[in-house]
Amino acid sequence: MTVREALTVPVLRGAGPRVLAGERGLDRPVRWVHTTELVDIAPLLRGGDLVLSTGIALPEEGGDLAAFADSLDGSQAAGLVIELGRRWREVPDALVAACDRLGLPLVALAREVRFAAVAQAVGERIVDEQLTELREAQRVHEVFTELSLAEAGPVEILQAVQRLAGAALVLEDVQHRIVEHLPGPGDAATFLADWGARSRAVVLDERTAWDEASGWLLTRVGRPERGWGRLIIECADRPPSRLVATAERAAAALALHRLHDRQRDSLVRRTHHELLVRLLTDPGSPDVRSRCALAGVPLIRRRLVGLALRPHAGPLEGVVAATVHAVHELRQDALVAELDGAVRVLLSLSPTADPARVTDDLAARVSRGTTVHIGAGRAVDRAGEVDRTLREALHVLDSVRPGGPQRPVHRLEDVHLRGLLTMLADDDRLRLFTDRELEPLRQQDARAQSGLLDTVRALVRHPGSKSDAAAELHVSRSAFYDRLARVEHVLGVDLDDPDVLVSLHVAVLADELFGRR
C-alpha cells in the first residue's frame, strides 16, 4: 500500500484528508501506522510507518518543526498526517515548507477521527494485501516447482509466464534477436516493432529492472558474466512483486534448463562422435551395432544414409545445433557429431522410407537458420556398409565447387570429374601430374606477374566462349588472346588440341582441390 492508497481507506477518506506538501512522495510504501504526540519519535519508527498526530506536543518554532520533519524523513517514514482542531486550525507554514522540501507527504484531516480506527483499517488492508501477495507468491512457487519436476522446456516455461502475467513477452539472445515471442492482449506488431534498436537502448545493470519509458519488465537469463539473453514482459505500470518473482523464477528455470541441456548434449555428442569413429573403422563390429541401438540409432533392418555438412562461413557449432534440431523435428534416429572438419550425420531410416525425400527435408530445415553445403552418400541396407555411405558423403562434400550450382543436397552424380579427383587427392601421382602441367605457369607468374595461370583457369571454366573467359579476367578479347599465346609458348603446347585442354582442365581442378585441403 502507498500513502496515496491509504488516503482512500474509508475511515481516512471520511475525515477529509487534504495533501498540503510532498505530493511527489505519495507513492511511498506504507508498512504500518504509528500514532504519536512525541516530537522525538523518529528513533522508534520503522521505514514505511505512516505517522498520525494531533500536533499537541509539537514545537512552536519554525526551526524546530523543520527539524521534526527532517527526523521523520531520516527514519524513512511514509508520511505525516495531522488532525486539525486540537492544536492547529491550519498546519504551520514552516512544517509545510519543510515537508515539501523533503518530498515527505503532509496530510491535514479536516474532521476528527479515531486514530485507533485508522490504524486498524489501514493495518487490515496491509495485512490483506500481504496475504494476497503471499498466496500469489505461493502460486508462482508451485507453478515453477511443477515445471522443474516435469523437466519442462523453454516453450512450456514461457507459456506459464504468459498465463501468470497475462501480458506479451519476449525471450531474446545477447544480440537482442528474438528467440521466442508470446503475444499478449495488445497489438503484437506494435510491441515487436523495431525490436533490436529498442531493446539495445534499454540497458540492464541489475538482475531485474522495470523500464518505465518502454513499459518493459526485464530480467537477465543466466549469470551476469555468462548471461545469454533477457526475458522481457510487457508491463506499462510499475510491476508488483508477484510479477517480478515470476520473471526471475522463469529466468532461473530457463538458465537451469539450458545448463542441463548443455550437459546432456555434451554427453550425447561425445557418444555420437565415438560411435561414428567406430563405424568408419569397424562397421561390422557387433559391439558397435549394440551400442548404436542403445543410443537410439538401430542399424539392423534399416536404411542407413550418411551426410556431411559444412557452413559457407563460420564455425561448425551452429550447424551442429541446427542439424540436431532438424533431426528432432523430423523425429528421425540419427548420429550427429563434428568429425574431419565437417558435421557428420548417420540417418537410420525405416526400410520403407524414401532416403532422398528425408535428406532433402532435413536439408531444408537446417538451411532455415544457416547457409550450408550438404553432401549425401548412397543409402545402404547393411550395417557392415555404413562406412561406405559416410565416406561417400564427405567425398561429395569435398567435391562441391565453390560458386557452382547450389543444390539442397549434393550427391555422387552431381560432382562428376571433381568427385573422381577428390577420391584421388591423396595419390602422389595426381600431385606430380598437376605440378608437371602447371608449374611452368606458376614460375612465369612469379617472375613477371603475368597472370598466365589465371588465364588457363578462365579458359577451362569457359570452354565454349573466350569472350566470357576474358570478361572474367576483366581484360579485352585481344589481350586474352595474347595471354593464351604466351601460355602456349611457356608450356610448349597447342591449346586447340583437345587432349591438352582436358589435361589442363584436370590439373586446374586438382590444384583447386589441393588448395582447399
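Helix 13 (residues 386-399) lies across strand 11, strand 13 and strand 14, and runs at about 30 degrees to strand 11; helices (H or I, at least four residues) and strands (E, at least two) are DSSP runs numbered from the N terminus, contact means heavy atoms within 4.5 Å, and angles run from 0 to 180 degrees between N-to-C directions of lines fitted to C-alpha atoms, for helices over the stretch in contact. The model is predicted, with local features needing pLDDT of at least 70 and side-chain atom pairs counting only at pLDDT 80 or more, while totals for chains, interfaces and linings use all residues. Residues are numbered from 1 along each chain as its sequence is written, and side-chain values use heavy atoms, without hydrogens and water.

The strands belong to an open sheet of four, in the order 12-13-11-14, with antiparallel pairing, where two strands pair if DSSP finds at least two bridges between them. Strand 12 (333-339) and strand 14 (372-376) stand at the edges, and because each has a single partner strand, one side of each is left without a neighbour in the sheet. Strand 11 (residues 303-311) pairs with strand 14 in the antiparallel sense over five bridges, and Leu309 has Ile374 in strand 14 as its bridge partner. Helix 12 (residues 355-366) also packs on the sheet, where it touches strand 11, strand 13 (342-349) and strand 14, its direction making about 25 degrees with that of strand 11.

Turning to another element, Leu131 is found in helix 5 and is partly exposed, with a relative accessible area of 37% (partly exposed lies between buried, under 20%, and exposed, over 50%, with a 1.4 Å probe and protein chains only).
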